[in-house]
Amino acid sequence: MKRILFFVFCLLLLTGCGGTIADSSYEQITQEAAKEMMDTQDVIILDVREQEGYDSGHIPGAILLPVGTIDEDTAAEVIPEKDSTLLVYCRSGNRSRTAASNLAELGYTNIYEFGGINTWPYEIEQ
């Protein structure tokens, strides 16, 4: 009987967590996967650092959208379609995870976070 109750408890706990994750999620991918998407798909690349970081070097084609400025209005200016494929990065990966989560909460559905530019092995422009 104890095993059955334990199983039911675990099942309920996992079900509750699953709903939360599904409501606001993004996918973490490798930088190699992000580069492949950039080369083969129509994507929006978001650099979520501040202007100074962006100016010091960014991925070609990236649009600056600092994580601290992300709200419904600023996101809509840069990303008018909520089903656009978004590739999000920052310097080390911390802000990009926050930004990806914020965008998911705003209703964006195709969000891929790939860490930071400090380990980006491909082209950077200034």
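Trainee: In this predicted model, is Met38 buried or exposed?

Mentor: Met38 is found in helix H2. Its relative accessible area is 17%, and buried means under 20%. Met38 is therefore classed as buried.

Trainee: What is the relative accessible area of Ala34?

Mentor: Ala34 also has its place in helix H2, which spans residues 31-40. Leaving aside neighbours within four places in sequence, Ala34 is in contact with Ile29, Leu87, Phe114 and Trp120. Ala34 is buried, and its relative accessible area is 0%.

Trainee: Which residue of S4 does Ile45 stand opposite?

Mentor: Ile45 and Asp47 point one way from strand S2, while Ile44 and Leu46 point the other way. S2 pairs with strand S4 (residues 85-90) in the parallel sense over four bridges. Within S4, the residue opposite Ile45 is Leu87.

Trainee: What is the handedness of the β-α-β unit made by S2, helix H3 and S3?

Mentor: S2 and strand S3 (residues 63-64) pair in the parallel sense over two bridges, with Leu46 opposite Ile63. Helix H3 comprises residues 51-56, and the β-α-β unit of S2, H3 and S3 is right-handed.

Note on methods: Residues are numbered from 1 along each chain as its sequence is written. This is a predicted model: local features need pLDDT of at least 70, side-chain atom pairs count only at pLDDT 80 or more; totals for chains, interfaces and linings use all residues. Side-chain values use heavy atoms; hydrogens and water are left out. Buried means under 20% relative accessible area, exposed over 50%, partly exposed in between (1.4 Å probe, protein chains only). Contact means heavy atoms within 4.5 Å. Two strands pair if DSSP finds at least two bridges between them. A crossover is right-handed if, with the strands pointing away from the viewer, the path from the first strand over the helix to the second runs clockwise.
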